[in-house]
Amino acid sequence: MLEIAKEAASVAGEFLKERFLEQLIPDEELHNDVKLPEDKESERRIIEVLHRHFPTHTIFSEEVGMVSRDEEYLWIVDPLDGTNNYFIGYPYFSVSIALQHRGELVLGVVYNPVAGQMFWAEKGKGAYLNGKRISVNKRTDKTRAVGTYIRGRNSITKEQELAFTKPFVMETKRVLRNVGPALDWCLLANGWIEYIVMQRSGIMDVAAGIVIAQEAGATITDWQGVPYQHEAFESEHMRSLVASNGPLHEEIRGMIHE
């Protein structure tokens with residue numbers, strides 16, 4: 001199943017790479033989002049590959065919603081994570097594909113076609129970047145820590161976002177707002193950053209990244225410190241999580257104020 005997920009991500013990613021930097025014409029441009037035909041075409045190509053190999057599996061994808069078949073297997077697909085970045089020519093976007101089996105996340109693939117980065121993981125088998133095993137770093141100095149902030153679309157106001165992120169801006173080296181959450185989790189998994197704070201965001205965007213980060217040794221909890229447990233996927237379910245390299249976890253979690 002992993003190889004098929006990588007194939008689907010590659011097929012979609014190479015299409016997105018071909019269209020990147022073109023003068024894109026959106027189907028719809030909203031206040032804080034954009035709808036692109038490239039998103040739909042990427043999705044079509046992923047679904048074609050998955051259903052060719054697994055015709056009985058259910059797929060949930062951003063554009064078409066739930067394509068219900070056998071409930072034992074559910075593919076969770078974000079065909080273009082970071083659509084706004086893609087639209088403005090900023091090369092921080094990916095194809096994200098996760099597999100849920102009987103309610104448990106067991107596989108994740110995140111592909112950044114511009115950088116040629118294929119991240120993947122299977123439950124219990126480690127995390128990889130282009131075939132090389134990866135792991136979180138073990139840095140312990142909060143003042144030198146770099147993190148990312150992820151929030152759900154329309155989940156909080158800009159004023160609330162500014163107030164929430166201020167401690168991270170002031171007390172750590174840098175907090176990034178990449179607006180490409182699947183790749184954010186891969187940055188943590190490969191030891192490039194030390195923490196992630198996620199506020200009321202849908203699991204669809206980050207399911208594959210969470211599998212990769214977990215297999216790379218990341219510590220993931222809710223804001224109260226309860227270890228992360230995947231719940232059977234629901235498209236409207238919003239989660240608030242904090243993830244880290246481990247040694248910094250309690251310090252980072254202690255900076256969260258709702």
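A crossing of two helices is left-handed if the near helix is turned anticlockwise from the far one by less than a right angle, and right-handed if clockwise. Helices (H or I, at least four residues) and strands (E, at least two) are DSSP runs, numbered from the N terminus. The model is predicted: local features need pLDDT of at least 70, side-chain atom pairs count only at pLDDT 80 or more, and totals for chains, interfaces and linings use all residues. Residues are numbered from 1 along each chain as its sequence is written, and side-chain values use heavy atoms, without hydrogens and water.

The crossing of α1 and α2 is right-handed. Helix α1 spans residues 2-19 and helix α2 residues 37-53; their axes lie 9 Å apart, at an angle of about 155°. Axes are lines fitted to C-alpha atoms, for helices over the stretch in contact, and angles run from 0 to 180 degrees between N-to-C directions. The two helices α1 and α2 are therefore roughly antiparallel (angles over 145 degrees; under 35 is roughly parallel, 65 to 115 roughly perpendicular and the rest oblique). Residues in contact (heavy atoms within 4.5 Å) include Ile4, Val11 and Phe15 of α1 and Arg45, Ile46 and Val49 of α2. This contact of α1 with α2 has nine nonpolar, two polar and six charged residues. Ala, Val, Leu, Ile, Met, Phe, Trp, Tyr, Cys and Pro count as nonpolar, Asp, Glu, Lys and Arg as charged, and the others, Gly among them, as polar.

Helix α5 (residues 181-189) and α6 cross at roughly 5°, and their axes come within 8 Å. Helices α5 and α6 are therefore roughly parallel to each other. Ala182, Trp185, Cys186 and Ala189 of α5 meet Gly209, Ile210, Ile212 and Ala213 of α6. Seven of these residues are nonpolar, one is polar and none is charged.

Helix α6 (207-215) also lines a pocket, as does β7 (104-112); each supplies at least two residues to the second largest pocket. The largest share comes from α6, with three residues. The pocket lining includes Glu104, Lys123, Gln214 and Tyr228. Its volume is about 180 Å³. On a 1 Å grid over the protein atoms alone, a pocket is an open set of points with protein on both sides within 12 Å along at least five of seven lines; in a cavity a 1.4 Å probe fits but cannot get out, and lining residues have an atom within 4 Å of a point. Grid points are joined across faces, edges and corners, and a volume is the space filled by probe spheres set on the points.

One cavity reaches 30 Å³ or more.
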